[in-house]
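Biologist: I would like to go through this structure with you slowly, asking at each step what a term rests on. Could you take the terms one at a time?

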Amino acid sequence: MKRKGIITTLSFLLVIAFFSLGTLFTPDRTFSDNENRGLQTFPKISLSGVVRGETQSLINDYASDQLIFRDGLITLKTCLQYASGKRDIGGVYIGKGYQYVDKLLESDINDTTFNNNLSAIELFFDSITESSPKTNLYLLPIPTSTVSVGETLPKGAQVFSQESRIEKLKAIQGAKYIDVYNEFAKAEKVLYYKTDPHWTNDGAYLAYSQFCATAKKDLAPYDLHTLGSDEFKGTLYSKAPLPYAKNDSILLYDRTACDNYTVTIGQTESKGIYKYDYLNKKDKYSVFLGGNQALVTVSGGEGKGHLLLIRDSFASSILPYLMKNYESVSLVDTRYFTSSLKQLTQYNKYTDILIMLGLKNLVEDKTIPIILG
Amino acid sequence: MVFSSSIFMFGFLAAVLTLYFLMPKKWRNLLLLIFSLFFFYAWDMPLYSFIMIFSTVFDYFNGLAIGYYRNKGNKKATKAVLIISVVGNLAILCFYKYTNLFITGINSIANTGIPLLDLALPIGISFYTFQTMSYTIDVYLDNCSVQKNIINFGTYVTMFPQLIAGPIVRYVDVERELNSRKETFKDFGYGVKRLVYGLAKKVILANSAGAIWDEISQMQNPPVLTAWIGAIAFSFQIFFDFSGYSDMAIGMGRMFGFKFLENFNLPYISKSITEFWRRWHISLGTWFKEYVYIPLGGNRKGLKRQILNLLIVWALTGFWHGASWNYLLWGLYFGLILILEKLFLLKWLQKIPTVFSHIYSIFLIIIGWVIFANENFANLFSYLKNLFCSPAGFSDGYTLYLLISNIVLWGLAVVFSTALPKKISEIITKKLHICEWVKALGLVILLIISIAFMVGESYNPFLYFRF
């Protein structure tokens, strides 16, 4: 009778000991490539921290962030859920052909934010028309991937409605509207990554050609692309990592020219818009300009004039084409630029101003009215 | 500390188990007490542990006092001490839990602007005050002896397995084990099984169902069928969450040699609401029956008084669940149904085929959960309306998606709400003579899968680089 239960007891204690000691005695990781965030290391213990409960909270985070085989366990969970037929995991849909699509529902959208952004954009155009009537104004809303890969979505899967909101953007007065939505809907090429919410080079180039058509600019030639990496797995993949998901390819346009542009961030100047180090890390999309900055000015372009590009992360991969049409491009990221653009637009005369934002940001970003105000 | 977390499973539990079994028997209660109080309870709310220490010491002395006065033959004094204990415990509970509701009520009736208290609710206060009260009441009723050892009493109150989310363990049920118990491999193995099952129920079934409910509850006007899917998802979430926690508590108690009573017994197979409340949160029902319903007279003072007693008990039961009026409504909702069943419904139900009794019960249970899940009355009425008639129609493409993409979850949830798994397990054990190695392997696999789901809760990919 005493033997009954020993095996169960020992196997249980073995598992607990494995995870417990394994977590304690493997070196702490400071950053998770997969999650794109810092991981909690063992915190300093202070009396006040303990009394307030802060130390304990950090230790809780430490225990789960540093758990041995954490990434493997996440992958196991994702695989089990996928195998059970679940097609939305971790906030993303996984459609046919392992096409990852951001799961943003109508019930997630706050239309007040969107309407505020619409008004802010229109007011911005009005004020620029008044203060610098010679500046050309353009609006290019970037649709989400469902415009192109919508049919891969699992049957019945819902995403927020794009069409009605694109129509509202089209109706904004004061600037030339660049229609990317209809072009993207018609095109056959792969316009969005399988594992990332951004557009591919083909997507960026197609949008760029629409811009050139509307703004009457010369189209830079397509055939200057070379392969950057064919092992790209983006941020949507990270939310639900499946080992059999497909890699994406990132192409780099005209490396020779791009390596010679001058990049100014604040007081620092450097050469080259491609940050090649990122091609060896997980976050390969950051090869374009090295990730997100509040304000970057790139000069030395082959065109004439200065472009102010009010943007989010999509614009980083369209920049190489635009540098063929302008002498310099100033990129303002609406998510990191914290003050009003007036300081820029008052002291710099721009040839063209282009607002190029993804529809997801247009419905979610609350800071746009502050920046455009 | 939350059971389904890395720090609990691989920090606290690992440490407690190791130290407990290395320690000589006479120190084991003290170890449990210290760990439960300082590492488990005080971990999240350091300063609030003083309330629990106070409640423990308070009722320890109340118990001693009742024993002392009873020996002296002073019945009036024993009653007075009992009243002091009950009033004291309820005062602590009501102060922390219900004051803000009370203030809000006064503000809206009398148009005053009394500011709300900025107090967090001490974790587990609804459970441990009821536990210590059960002790003093049972000492008064002479159902158990006075616990003279304050360490043993402290262990009873603070023991981490049942401290945060029950079961509400009556002192009489663990009196013997507190003073002397035997830890065996057989019990420990059984405890492992309950712990792993409980963890799996919580992180795999409850959390997945909860995510579906969260999504549907955010929709303005879901179609009728989607609203039902949401209500059913919540019903599964609350069952697997709560019963999973109880399983873990019972399992861990057993590891240390304590045999806690079952708290859930397949509540969703009930054929009536009367039966449901004998299968759901059994320890709470027992507590209210023993310490409120029976002292009020139960059914021994005529029908009218019985109905009143039931209404009082169910109003209190509902209200115990949360400081919000919907919980009171929920309690009275069931109280009313129970009264009707006692009066004539039960007889009717026995005359119709059992499938209708099941449908009747499930329907009322689900509606009950909708009341429970919506603290805001506007949301509640809107949701109830959508269950029967929605501006979005009966169903849409997404309804089908919710059904089909989660089919395995629905299947598992239904199966594990019935006696089927147990029956299959019995057949397998008896017919196939599965040896313990296989069962242990199965538990290990289930444990690792549960750990994967548990870690998944803390997985937080950040889209924008380093901000």
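Predicted model: local features only at pLDDT ≥ 70, side-chain atom pairs only at ≥ 80, totals over all residues.

Biologist: Which residues of helix 1 of chain B and helix 2 of chain B meet?

Modeller: From helix 1 of chain B they include B:Phe8, B:Phe12, B:Val16 and B:Tyr20, and from helix 2 of chain B they include B:Leu32, B:Phe35, B:Phe40 and B:Trp43. Several of these names return around B:Phe160, which touches, among others, B:Phe8, B:Phe12, B:Val16, B:Leu32 and B:Phe40, as well as B:Met252 and B:Phe256.

Biologist: Where does B:Phe160 belong in the largest nonpolar core?

Modeller: B:Phe160 is among the residues with the most contacts inside that core, which has 158 residues, and A:Phe12, B:Phe8, B:Met9, B:Trp280 and B:Trp369 are listed with it. The largest share of this core, 17 residues, comes from helix 10 (residues 224-255) of chain B. Apart from it lies another core, of 85 residues, with A:Leu104, A:Tyr285, A:Ile318 and A:Leu331 among them.

Biologist: How do the axes of helix 5 of chain B and helix 12 of chain B cross, and in which hand?

Modeller: The axes of helix 5 (residues 125-140) of chain B and helix 12 (residues 282-296) of chain B come within 12 Å and cross at roughly 35°, and this crossing is left-handed. The residues in contact include B:Phe130, B:Met133 and B:Ile137 of helix 5 of chain B, with B:Trp287, B:Phe288 and B:Tyr291 among those of helix 12 of chain B.

Biologist: Turning to chain A, why are strand 3 and strand 5 of chain A said to stand at the edges?

Modeller: They belong to an open sheet of 3 strands in the order 3-4-5, with antiparallel pairing. Strand 3 (88-89) and strand 5 (99-102) of chain A each have a single partner strand, so one side of each is left without a neighbour in the sheet.

Biologist: What is the order of the open sheet formed by 8 strands in chain A, and which are its edge strands?

Modeller: The order is 7-6-15-13-14-12-10-11, with mixed pairing, and the edge strands are strand 7 (176-177) and strand 11 (268-271) of chain A, each of which pairs on one side only. Strand 6 (residues 136-142) of chain A pairs with strand 7 of chain A in the parallel sense over 2 bridges, and A:Leu139 has A:Tyr177 in strand 7 of chain A as its bridge partner. Helix 5 (residues 111-131) of chain A packs on this sheet, touching strand 6, strand 13 (306-311) and strand 15 (352-358) of chain A.

Note on methods. Residues numbered from 1 in each chain as written. Chains lettered and ligands numbered in written order. Heavy atoms only, no water. Core = buried A, V, L, I, M, F, W, Y, C linked by side-chain atoms within 4.5 Å. Buried < 20%, exposed > 50% of the residue type's maximum accessible area, 1.4 Å probe, protein only. Helix = DSSP H or I, 4+ residues; strand = E, 2+ residues; numbered from the N terminus. Contact = heavy atoms within 4.5 Å. Pairing = 2+ DSSP bridges. Axes fitted to C-alpha atoms, helices over the stretch in contact; angles between N-to-C directions. Left-handed = near helix turned anticlockwise from the far one by under 90°. Lists of a residue's contacts leave out its neighbours within four places in sequence.
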